[in-house]
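Have the sequence and the fold side by side, and start with the packing inside.

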Amino acid sequence: MRKSILICLMAWYLMGGMTMVGQTKQNAQGKLTVNGKTTELHYAYARQRQNLYDENVREVRVVLSDVPIADADMEDDFAVHELGVQGKVHAVDIRFSLEGEPQGGSLYDEAAGDAAVTEQGHDKFERKQFDDKTVAGKVSLDEPVAVGDLTYDFSATFSAAVQHESEGAAAAATGPGKAVLEYLRAIRAADKPALKKICTEASYQQIESVPPEQLKAMAAEMIPADTHIVRVFESGDRARVETDSKSGETKLKLLRINGEWKLQL
């Protein structure tokens with residue numbers, strides 16, 4: 001029985017955990033008009049991340065959409081574009097500097113076909129709030145933008161919680177990243193006091209009854225020494241940490257409870 005509990009736990013770790021659920025509460029109000037066709041915008045997403053072309057620069061990506069967008073699609077720079085090509089999403093994507101200055105945007109709409117429609121210099125942002133936790137205000141174009149056979153315009157007010165995306169060394173240095181590193185150390189050492197501290201109560205109960213030597217043996221076999229953190233996603237009091245090793249990629253879910261990050265196995 002103890003072995004089956006541990007195998008279950010380790011298999012969960014290596015095969016990947018749950019992903020964060022995309023928010024479905026309407027938090028934007030506006031319109032997107034493409035070639036005379038107008039779509040209502042109801043959803044806003046904000047994500048702080050590394051710039052795609054310069055890993056030393058961070059930016060805030062804001063997506064305004066007519067329908068909810070899954071977290072997995074927001075985490076993929078090309079997924080929302082593909083949804084737009086398929087007519088499943090009608091949205092605008094605006095990049096901001098960390099100071100809150102618009103840096104250009106993209107259009108996602110089936111009218112654009114496979115083309116990546118981008119523009120720079122026309123976005124206006126009337127700021128209400130812009131910090132690590134929330135981006136809020138009104139975005140619009142100072143005039144309709146014409147790109148090839150397309151003409152589009154948009155205006156929307158919104159308030160979105162900022163999700164944080166970090167990679168590499170920066171990911172390992174985050175609160176969730178440090179919690180996962182401590183979990184890996186503790187599980188390999190069968191350090192139950194540390195595991196009790198770093199796991200949720202329900203998760204620790206899965207580990208508590210396993211003998212220390214058995215815990216060490218299973219951890220050594222199923223969690224390779226080369227396991228390292230590659231990416232962290234934070235959204236309020238929840239987070240997901242992605243690791244990689246010779247055994248493959250894994251995803252760990254964490255909750256922040258009373259200010260401390262806890263693994264939810």
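Two residues are in contact here when they have heavy atoms within 4.5 Å of each other. Keep in mind that this is a predicted model. With that cut-off, F158 touches N27, A28, A44, V62, L64, F125, V135, A136, G137 and V139, leaving aside residues up to four places away in sequence.

**Nonpolar cores**
- The largest nonpolar core has 28 residues, and L64, V135, Y152 and F158 are the ones that touch the most other members.
- Elements giving two or more residues to this core are β1 (28–34), β3 (43–50), β4 (58–65), β5 (91–96), β8 (123–130), β9 (134–141) and β11 (150–167).
- β11 puts in the largest share, with 7 residues.
- Apart from this core lies another one of 27 residues, which includes A190, V210, V232 and L263.

**Helix pair α5 and α8**
- Helix α5 (residues 175–189) and helix α8 (residues 212–222) have axes that come within 6 Å and cross at roughly 125°.
- The two helices, α5 and α8, are therefore oblique to each other.
- On the α5 side you'll find I187, R188 and A189, and they meet L215, K216 and A219 in α8.
- Sorted by class, that contact of α5 with α8 has 4 nonpolar residues, 2 charged ones and no polar ones.

**Hairpin β14 and β15**
- Strands β14 (residues 250–257) and β15 (residues 260–263) run antiparallel and are joined by 4 bridges.
- Across the pair, R256 stands opposite W261 in β15.
- The hairpin has 2 residues between its strands, and N258 takes a positive phi near 55° there.

Terms used. Residues are numbered from 1 along each chain as its sequence is written. This is a predicted model: local features need pLDDT of at least 70, side-chain atom pairs count only at pLDDT 80 or more; totals for chains, interfaces and linings use all residues. Side-chain values use heavy atoms; hydrogens and water are left out. Two strands pair if DSSP finds at least two bridges between them. Axes are lines fitted to C-alpha atoms, for helices over the stretch in contact, and angles run from 0 to 180 degrees between N-to-C directions. Angles under 35 degrees count as roughly parallel, over 145 as roughly antiparallel, 65 to 115 as roughly perpendicular and the rest as oblique. Ala, Val, Leu, Ile, Met, Phe, Trp, Tyr, Cys and Pro count as nonpolar, Asp, Glu, Lys and Arg as charged, and the others, Gly among them, as polar. A nonpolar core is a set of buried Ala, Val, Leu, Ile, Met, Phe, Trp, Tyr and Cys residues joined through side-chain atoms within 4.5 Å. Buried means under 20% relative accessible area, exposed over 50%, partly exposed in between (1.4 Å probe, protein chains only).
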